[in-house]
Amino acid sequence: MDLQTPASRAQIQSGFTVVETLTALTISTILAAVSFPSMAGMWGDYATRLAQTNAQAQLMILKREAQRTNRTCQVTFANNLATANPPDCLVSMGRSLSDSGMGFDLGVTVSGSLASVTFSPVATTTPSSNGTLRFSHAWTNTTRCLVLSQPLGVMRLGTIQQNTCVKDGGS
């Protein structure tokens, strides 16, 4: 004679079996493995775009401060940092160009021919030739760039294509 009621049988048989749990785990692992390269590429692209925008912002602040205070301001890009001379020309002095703002660095490599820029009060820049900063990340094939045109310091953002900085959205 069976002493269990139908309600107590339902309690005993509730939950997932080991096979169901392993099947769900296998499917989620496969989905994660397939989506990781795409997510990593998106992260690398975000990091290079952020560093590019931070460098542009630092240059714009420096140019504005030179005009506002009627003095010469210089920024140097070295080891992924923007530092100013005099120091009060940049508000966020010594901040990493690929700083996420959340306490960690995004791992962007900054290189190029634009090691140092000086803005005078009349908005002219030194060096006298155009300079380029390049921003790259190990997780993306896209290399971003910032070109500073002389003598007025006009900035253009773009991507590197065939070793040339091409304006975003253009050819």
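**Cysteines, sheet and core**

Analyst: Happy to! Both Cys73 and Cys89 are buried, where buried means under 20% relative accessible area, exposed over 50% and partly exposed in between, with a 1.4 Å probe and protein chains only. This is a predicted model, in which local features need pLDDT of at least 70 and side-chain atom pairs count only at pLDDT 80 or more, while totals for chains, interfaces and linings use all residues. Residues are numbered from 1 along each chain as its sequence is written, and side-chain values use heavy atoms, with hydrogens and water left out.

User: Thanks! How many disulfides does a search of the whole structure find?

Analyst: The search finds 2, a disulfide being a pair of cysteine sulfur atoms within 2.5 Å. One joins Cys73 to Cys89, with S to S at 2.0 Å. Cys73 lies in strand 1 and Cys89 in the loop between strand 2 and strand 3 (109–112), so this bond ties together parts that are 16 residues apart in sequence. Helices (H or I, at least four residues) and strands (E, at least two) are DSSP runs, numbered from the N terminus.

User: Is the disulfide of Cys73 and Cys89 left-handed or right-handed?

Analyst: Left-handed, because the torsion about the S-S bond of Cys73 and Cys89 is about -60°.

User: And what does Cys145 join to?

Analyst: Cys145 is joined to Cys165, with S to S at 1.8 Å. That pair links distant parts of the chain, with Cys145 in strand 7 and Cys165 in strand 9, 20 residues apart. The torsion about its S-S bond is about 80°, so the disulfide is right-handed. Cys145 is buried at a relative accessible area of 0%, and Cys165 counts as buried at 12%.

User: How do the strands there pair up?

Analyst: Strand 7 and strand 8 (residues 154–161) run antiparallel, joined by 6 bridges; two strands pair if DSSP finds at least two bridges between them. They form a hairpin with 4 residues between them, and Gly153 in the turn has a positive phi of about 80°. Strand 8 also pairs with strand 9 (residues 164–167) in the antiparallel sense, over 4 bridges. There, Cys165 is the bridge partner of Ile160.

User: Switching topic: what order does the open sheet of 4 strands have?

Analyst: The order is 2-1-4-5, with antiparallel pairing. Strand 2 and strand 5 (125–126) are the edge strands, each pairing on one side only. Helix 2 packs on this sheet, touching strand 1, strand 2 and strand 4, and its direction makes about 160° with that of strand 1. For that angle, axes are lines fitted to C-alpha atoms, for helices over the stretch in contact, and angles run from 0 to 180 degrees between N-to-C directions.

User: Nice. Which residues touch the most other members of the largest nonpolar core?

Analyst: Of its 24 residues, those are Leu59, Leu62, Val75, Phe77, Phe135 and Leu146. A nonpolar core is a set of buried Ala, Val, Leu, Ile, Met, Phe, Trp, Tyr and Cys residues joined through side-chain atoms within 4.5 Å. The largest share of this core, 7 residues, comes from helix 2.

User: What is Leu62 in contact with, leaving aside its neighbours within four places in sequence?

Analyst: Its contacts (heavy atoms within 4.5 Å) include Val75, Ala84, Val117 and Phe119. Cys73 and Cys89 are among them too, which brings us back to your cysteines.
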